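Trainee: I am new to this structure and would like to learn how its features are read. Could we look at it together?

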Amino acid sequence: KNNIKTVATQERPITTFFTSFINVMLDTYYTASEHISNVIKKSKYYDIKNIIPVGLYRSDYITLYREKIVPEEISQAKENGKKIIIVFGNQSPEHWFDSHSSPILNWSAQIDFLEDCIRLAGNLNNSYIILRYKDLNWSYNKYFEKILNKITNCENIIISSYYKEPFHAYKLCAHADLVIAKHTSIADECLSKGIPVLFHEYTHNSQKLILDFPNYLPSELICYNFAELLKKSKLLLFNNSSKLKNKITELNQTIYHVSEEGSVKNKIIGQLEKLISLT
């Protein structure tokens, strides 16, 4: 109304494929890819004058950290030739009454997820699993004491506890052979850089949690039970001709494709400077 220019950068590709749940009104929107820009242009749920595909801006960190020193948490395993698997789980609510009402984040679902990780570690030879969360506040709950002790007694799985500096998760992913995740933006960023990702899309009593609709990802990368998770992990880790790897290549040619390569952050800054010079 006051002619103030509004500009934003897209963080999560999945929001593009929602309908009335997500509405964006802007002058300029820097999007994750050309495909996503085209979807937005055709959608009646967006009101945007200028749509510019640039890529996922935080994926720059993966490129940056590939050239840096391997994080201490995985350096020894990496040197020993083990396959590095980074696993991203959901936070659990602090209180039981919040847990009870949350179908995806409840305490039972957390324990089931951790049990899956332990089983995976036991079935994948020559591998090293690092569990990473946004924070570890949930782990102080005595409800998880038994399962956490079980993880401590496993020799090839740990919970990442380093939070002294930002973007540590990206440092881990930059050196990963496989990422396993509940749906999260860092999974998209990894896929856009060619890092294999499997989506853990189930709990102890539910399936199709987030990706059933909308689903912009190939079904081959989605796991609805432990048997699928184990089978697909083995294919991505130990089979160079796996069809799953072809699916990741296809994603980078479609969903995540941007014609202009290079630093996403620099592209955004360059576009912003042009906007400022025109005002």
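Trainee: How much space lies in the largest pocket?

Mentor: Rolling a probe the size of a water molecule over the atoms shows where empty space is left. In this predicted model the largest pocket holds about 840 Å³ of space, where a pocket is an open set of points on a 1 Å grid over the protein atoms alone, fitting a 1.4 Å probe, with protein on both sides within 12 Å along at least five of seven lines, and a volume is the space filled by probe spheres set on the points, which are joined across faces, edges and corners.

Trainee: Which residues that line the largest pocket are the closest to its centre?

Mentor: Of its 31 lining residues (an atom within 4 Å of a point), the closest to the centre are Arg12, Lys134, Thr184, Ser185 and Ile186.

Trainee: What is the volume of the second largest pocket?

Mentor: The second largest pocket has about 310 Å³, and among the 17 residues lining it, Ser192, Lys193, Tyr256, Val258 and Glu261 are the closest to its centre. Two or more residues of that lining come from each of α2 (59-66) and α11.

Trainee: What should I keep in mind about numbering and confidence?

Mentor: Residues are numbered from 1 along each chain as its sequence is written. As this is a predicted model, local features need pLDDT of at least 70, side-chain atom pairs count only at pLDDT 80 or more, totals for chains, interfaces and linings use all residues, and side-chain values use heavy atoms, with hydrogens and water left out.

Key. Helices (H or I, at least four residues) and strands (E, at least two) are DSSP runs, numbered from the N terminus.
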